[in-house]
Amino acid sequence: MASTNNVTELIFTGLFQDPEVQRVCFVVFLLVYLATVVGNGLIVLTVNVSKSLHSPMYFFLSYLSLVEITYSSTVVPKFITDLVAKIKTISLEGCVAQIFFFHFFGVTEILLLVVMAYDRYVAICKPLQYMSIMSRQLCHVLVAGSWLGGFFHSIIQILITIQLPFCGPNVIDHYFCDLQPLFKLACTDTFVEGVIVLANSGLVALCSFLILVSSYIIILVSLRNHSAEGRRKALSTCASHITVVLLFFGPAIFLYMRPSSTFTEDKLVAVFYTVVTPMLNPIIYTLRNAEVKIAMKKLWGKKNLGVE
């Protein structure tokens, strides 16, 4: 960090101030986090063990679930423990690390969603060429590209942040470390840094969202030439993807594509995409996907037989 720093520790204001409300939130969010880890972990395990789920679509889904676990784990465990702590503190280095991993996994997820949309586009619009286009090698390249994209995005954010001086105050108006709340504590004008962050975060999300919307419009238009059964299957798969995209991108675009503020509503919106959405994704994919449900039943059936 910059040599002019007098601040070594930051204090979070948290989400709520009422101790009773915080205790209730502790129980609720702990259960939500456990459901996130177990649900997404089950999808990763099922896809890797089940022979029927070795298509590119499920390959990408397993990596999406893995990213959901890591993305949620960047913020939620610290947030949960702070709910029962009298003083919610984090070191300045720890704050920067949290920002790095939060943006790393967040953008990786965005890019994976774009990759999954491309996979559905090829499967529906070019079915005869699907297996030749979506080769195993290309799938690995697309996943690696998503991770690298998230890494480079996050590196840019950190290079901006570590140059800022922090000489006090040290109270950050949030329940986790993010760039805009941290910028407000800097002992210098951060207008330029704020513009760069807006371009790097907000526009990445917006451009990816527009690509996703465009791809699904093309898919829906092309479905007119399919049979009724083909349309039903394609729409069932795409509906899950579209739901996940809206749940993730809606709150993110709301926060990043407008001037920063300190409204409590902002924190509640952040809770939705940091805590709730990662838990909903496995539910959305399993409830609307017969193949995943069948594979899970077979997996647990074998385990139960082994126990007996």
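At 4% relative accessibility, Cys139 counts as buried (buried is under 20% relative accessible area, exposed over 50%, partly exposed in between, with a 1.4 Å probe and protein chains only). What is the closest cysteine sulfur to that of Cys139? It belongs to Cys238, and at 17 Å it is too far for a bond.

A quick word on what you're looking at. This is a predicted model, so local features need pLDDT of at least 70 and side-chain atom pairs count only at pLDDT 80 or more, while totals for chains, interfaces and linings use all residues. Residues are numbered from 1 along each chain as its sequence is written, and side-chain values use heavy atoms, with hydrogens and water left out.

Now for the cysteines that do pair up. The structure holds 2 disulfides, a disulfide being a pair of cysteine sulfur atoms within 2.5 Å. Take Cys95 and Cys177, whose sulfur atoms are 2.0 Å apart. Cys95 lies in helix H3, and Cys177 in the loop between strand E3 (171-172) and helix H6 (179-183), so this bond ties together parts that are 82 residues apart in sequence. (Helices, H or I with at least four residues, and strands, E with at least two, are DSSP runs numbered from the N terminus.) The torsion about the S-S bond of Cys95 and Cys177 is about -120°, so this disulfide is left-handed. Both Cys95 and Cys177 are buried.

The other link joins Cys167 to Cys187, with 1.8 Å from S to S. Cys167 is in the loop between helix H5 (136-161) and E3, and Cys187 in the loop between H6 and helix H7 (191-222), 20 residues apart. This link is left-handed too, with -135° about the S-S bond. Buried or exposed? Cys167 is partly exposed at 40%, and Cys187 is partly exposed at 32%. Number the bonded cysteines in sequence order and the pairing reads 1-3, 2-4.

On to the aromatics. A search of the whole structure finds 21 aromatic pairs; Phe, Tyr and Trp rings (the six-membered one for Trp) pair if their centres lie within 6.5 Å, and planes under 30 degrees apart count as stacked, over 60 as edge-to-face and the rest as tilted. Tyr71 and Phe102 have ring centres 5.4 Å apart and planes at 20°, so they're stacked. Tyr71 is in helix H2 (residues 56-82) and Phe102 in helix H3 (residues 92-125), 31 residues apart. Both are buried. Ring pairs also link Tyr71 and Phe102 into a cluster whose members include Phe29, Phe79, Tyr175 and Tyr273.
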